[in-house]
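Here are a few friendly notes to read alongside the model.

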Amino acid sequence: RKMADSMPSKVLHIRNLPEECTEMDLRSLSCQFGLVNRVLFLSRKQQAFVEFSTIEEAAMMLATCQAQPIRLGTRNLIAQFSNKQEITIPVSDPSSRGGKPATGTDGRILLVTVTDVQFPVTLEVVYQVFGMCGTITKLVIFNKQGKEQALVQFERAEDAAVAMERFQGKNIYSGCNTLNIQYSNLPDITVKYNNDRSYDFTNPTLPAGEQGLGGDALLSARFPGMPGPGAPPNAKIPTQPGGF
């Protein structure tokens, strides 16, 4: 089937990815055309599926790709509308990974402990990593008994389950900053301030607390260009071989 014959969709099928391409590379590129909900990266096939928030955003990237080839690394990308309207990532039994959600919770909140820390665990880094799996609504990082930890609240329980499956036991960087993930027993995360330790992306007007910046000012300072909940911030994770 030719690209022009495909029905419009929020999901693009991307082919001809270079071998050195990472999911973060593709996500950063795609974010230039709109809000990316999720990415299914098939590195062995050098292909990927990118789901935008609207058909118009997906069409914009497709039109650009067809008008003048989009180059990523050493190759020109080939894009077409997918025959699916959203990306569904299969998840195995959660009991085989980080357990099941606690009674009284809906499974949207993950407790993340980072071990073997050699690079800073910042709000931006945690957001970049877990934002690959879906829309994050609230995020808190803290140090408890010498352990770097984070609470990540997703909009959907399905996305939390995908993050659990995908990142449990993985390293953010080569050989270090290992993720240990389990479901939180909290029904909801309470965020009082929007600053470098906590964010409520559904309420950008929260004060910054001791930092002295208002919520809106700090939001634009820490996450420039943030169009709404779930949008990836501009901060970059250093690319190092061996990380996911």
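Which backbone oxygen lies 3.3 Å from a polar atom of the side chain of Asn-195?

1. The oxygen belongs to Ala-208; a polar contact is a pair of N or O atoms within 3.5 Å, where within protein one must be able to donate a hydrogen and the other to accept it, and residues adjacent in sequence count only if both atoms are side-chain atoms. Asn-195 is buried, at 10% relative accessible area (buried is under 20%, with a 1.4 Å probe and protein chains only). Its place is the loop between β11 (176-183) and β12 (198-200).

2. Please keep in mind that this is a predicted model, where local features need pLDDT of at least 70, side-chain atom pairs count only at pLDDT 80 or more, and totals for chains, interfaces and linings use all residues. Residues are numbered from 1 along each chain as its sequence is written, and side-chain values use heavy atoms, leaving out hydrogens and water.

3. Now the aromatic rings: Phe-130 and Phe-167 pair edge-to-face, 5.6 Å centre to centre with 80 degrees between the planes (rings of Phe, Tyr and Trp, the last by its six-membered ring, pair if their centres lie within 6.5 Å; planes over 60 degrees apart are edge-to-face, under 30 stacked, the rest tilted). Phe-130 sits in helix α3 (residues 123-130) and Phe-167 in helix α4 (residues 157-167), so the pair ties together parts 37 residues apart in sequence (helices are DSSP runs of H or I, at least four residues; strands are runs of E, at least two). Both Phe-130 and Phe-167 are buried.

4. Tyr-199 and Phe-201 are stacked, because their ring centres are 5.3 Å apart and their planes are at 10 degrees. Both are buried, and together with Tyr-127 they form one aromatic cluster.

Notes
Buried means under 20% relative accessible area, exposed over 50%, partly exposed in between (1.4 Å probe, protein chains only).
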